[in-house]
Amino acid sequence: YIIVVGAQGAGKMPSDIIGSVTTKVIENTEVPIIAIPESWEYKDFTHLNMLYATDFQDSDNSAFNKLLDITKPFDISFNCIHIESNENAPWKEMQMFKLESSLHKLYPGTEIKCHLIKHPNLLEGIQNFIDESNIDIISFTSPKRSIFYKLVFPNNLKKMIYQSKIPLLIFHSERTES
């Protein structure tokens with residue numbers, strides 16, 4: 001199953017209550033979601049250029065498996081990216097190398113390019129990559145977060161939904177029992 005929702009309602013600011021409906025649906029379901037911005041225009045896809053944004057979580061493997069299942073009927077190029085704000089993060093370069101090696105081993109014959117992008121702002125870094133690489137669809141895993149985390153850190157998911165001009169394919173982290 002997959003749920004398709006509109007990505008921007010009548011609200012025109014990321015803090016508007018109407019825009020929160022899409023975010024609530026995304027946060028409260030286990031099913032992958034495609035959020036389509038109201039300004040997006042369908043084009044006949046002969047080849048899709050997809051971005052998968054990673055934060056090197058264990059759930060990336062599960063999400064990537066689901067992503068490949070969903071996109072099987074299409075001719076797709078995958079760009080796996082991580083935005084790193086820390087200029088000196090050699091462990092992230094190693095993680096990206098390991099991820100790229102793993103993906104090429106698990107999915108031979110699938111066009112996958114991995115990119116570690118250094119940028120101080122997560123959303124700007126993603127948007128720059130989208131613009132430069134002509135990305136058609138953004139995909140990522142939305143982690144389950146505690147109430148404390150939601151209070152302390154900004155809601156990048158809501159900002160991404162508000163700012164995106166292309167469809168978002170969102171997977172969910174596997175729930176871990178405590």
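**View 1. D136 sits in the loop between α4 and β6 (137-142)**. Helices (H or I, at least four residues) and strands (E, at least two) are DSSP runs, numbered from the N terminus. This is a predicted model: local features need pLDDT of at least 70, side-chain atom pairs count only at pLDDT 80 or more, and totals for chains, interfaces and linings use all residues. Residues are numbered from 1 along each chain as its sequence is written, and side-chain values use heavy atoms, with hydrogens and water left out. D136 counts as buried at 9% relative accessibility; buried means under 20% relative accessible area, exposed over 50%, and partly exposed in between (1.4 Å probe, protein chains only). Apart from neighbours within four places in sequence, D136 is in contact (heavy atoms within 4.5 Å) with K43, F45, H47, L48, N49, I166 and P167.

**View 2. N79 is found in strand β4**. With a relative accessible area of 7%, N79 is buried. Its side chain is joined to that of N49 by a polar contact of 2.8 Å. A polar contact is a pair of N or O atoms within 3.5 Å; within protein, one must be able to donate a hydrogen and the other to accept it, and residues adjacent in sequence count only if both atoms are side-chain atoms. Not counting residues up to four places away in sequence, N79 touches N49, M50, L51, Y52, K113, H115, F129 and I135. Look also for I130: N79 and I130 are 51 residues apart in sequence, and their C-alpha atoms are 10.0 Å apart in space.

**View 3. Helix α4 covers residues 122-133**. Its twelve residues should span 16 Å at 1.5 Å a residue, and the end C-alpha atoms are 17 Å apart, which agrees; the expected span is 1.5 Å times one less than the number of residues. L123, G125, I126, F129 and I130 are buried in α4. They cover an arc of only 165° around the axis, which puts them on the same side of α4; the arc is that of the directions from the helix axis to the C-beta atoms. At the start of α4, a side-chain oxygen of N121 comes to within 3.0 Å of the backbone nitrogen of L123. After α4 comes N134, with a positive phi near 50°.

**View 4. Helix α3 covers residues 90-106**. In α3, the buried residues are K92, M96, L99 and L103. Their arc around the axis is only 65°, which puts them on the same side of α3. Covering these buried residues are elements including α2 (59-71), β4 (76-84) and β5 (112-118). Turned away from the buried side, the other face of α3 carries the exposed residues F97, K98 and K105.
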